[in-house]
Amino acid sequence: MGSPPLDSLRAALTAMPSATLVPRDWVLEQLSADTPGVRAAVTPAPPPRVDLTIRGLAHLFGKQPSTARAWVERGDFPGAYKLHGKEWRVPVSAVETFQDRQRRRAKSEPRLSAWRSVKPANRASRSESGPQPVTTRSPRGNAQA
């Protein structure tokens, strides 16, 4: 057969229902638990997701803090709140939502070169109405035709 750690791991995995999501760390822990001299795999914890301040938000987008504050006060970041009624805090999920909206907006808006495809107004229809009177200003400030 196989080694004892592999046999115990195989037994544990076969006891689980099909389509079960098994964490990688658990499998590594099971493999290294019964083997003497093998250290258990230690994976570092992901960094904590801390809500951003106005200064941190401005730094993230390369803008001035006043611009970031205007975005937050306008409601562009859902879930933003004031800490102790003074300082704004913006959840990381709100930043991700804002970035997704910006990406979608950029895809849906026409490119700058699209203005070239717009044809100028038909000049023939303007010329049929005849010449437009030229208005001049008199020294008294009243317009005369």
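Which residue just after H4 takes a positive phi? In this predicted model, the residue is Gly75, whose phi is about 95°.

**View 1. The protein as a whole, from its elements to its surface.** The protein contains six helices and four strands, and from the N terminus on these elements follow the order α-α-α-α-β-β-α-α-β-β. Of the 145 residues in the protein, 13% are buried, while the accessible surface comes to about 12200 Å², with 56% of that area belonging to carbon and sulfur atoms. When contacts between residues at least 6 apart in sequence are considered, 33% of them join residues at least 24 apart.

View 2. Helix H4 spans residues 65-74, and among its residues Ala68, Trp71 and Val72 are buried. Seen down the axis of H4, these buried residues fall within an arc of 95°, so they line one face of the helix.

**View 3. The largest nonpolar core.** This core has 12 residues, among them Ile54, Leu57, Ala58, Val90, Val95 and Trp88. Helices H3, H4 and H5 each supply at least two residues of the core. Ala94 also belongs to the core, and, when residues up to four places away in sequence are not counted, Ala94 touches Phe77 and Pro78.

**View 4. The aromatic pair of Phe61 and Phe77.** The protein has six aromatic pairs in total, and one of them is formed by Phe61 and Phe77, whose rings are tilted, with 6.5 Å from centre to centre and 55° between the planes. This pair links distant parts of the chain, since Phe61 is in helix H3 and Phe77 is in the loop between H4 and strand E1 (81-83), 16 residues apart. Phe61 counts as partly exposed because its relative accessibility is 24%, whereas Phe77, at 3% relative accessibility, counts as buried.

**View 5. The aromatic pair of Trp71 and Phe98.** The rings of Trp71 and Phe98 form a tilted pair, with 5.3 Å from centre to centre and 35° between the planes. Here too the pair links distant parts of the chain, with Trp71 in helix H4 and Phe98 in helix H5, 27 residues apart. Both Trp71 and Phe98 are buried. Taken together with the previous view, ring pairs link Phe61, Trp71, Phe77 and Phe98 into a cluster.

View 6. The side chains of Arg89 and Glu87 are joined by a polar contact of 3.2 Å. If neighbours within four places in sequence are left aside, Arg89 is in contact with Asp51, Leu52, Thr53, Ala80, Tyr81 and Leu83.

Terms used: Residues are numbered from 1 along each chain as its sequence is written. This is a predicted model: local features need pLDDT of at least 70, side-chain atom pairs count only at pLDDT 80 or more; totals for chains, interfaces and linings use all residues. Side-chain values use heavy atoms; hydrogens and water are left out. Buried means under 20% relative accessible area, exposed over 50%, partly exposed in between (1.4 Å probe, protein chains only). The arc is that of the directions from the helix axis to the C-beta atoms. A polar contact is a pair of N or O atoms within 3.5 Å; within protein, one must be able to donate a hydrogen and the other to accept it, and residues adjacent in sequence count only if both atoms are side-chain atoms. Contact means heavy atoms within 4.5 Å. A nonpolar core is a set of buried Ala, Val, Leu, Ile, Met, Phe, Trp, Tyr and Cys residues joined through side-chain atoms within 4.5 Å. Accessible areas come from the Shrake-Rupley method with a 1.4 Å probe; for residues, only the protein chains shown count as cover. Rings of Phe, Tyr and Trp (its six-membered ring) pair if their centres lie within 6.5 Å; planes under 30 degrees apart count as stacked, over 60 as edge-to-face and the rest as tilted.
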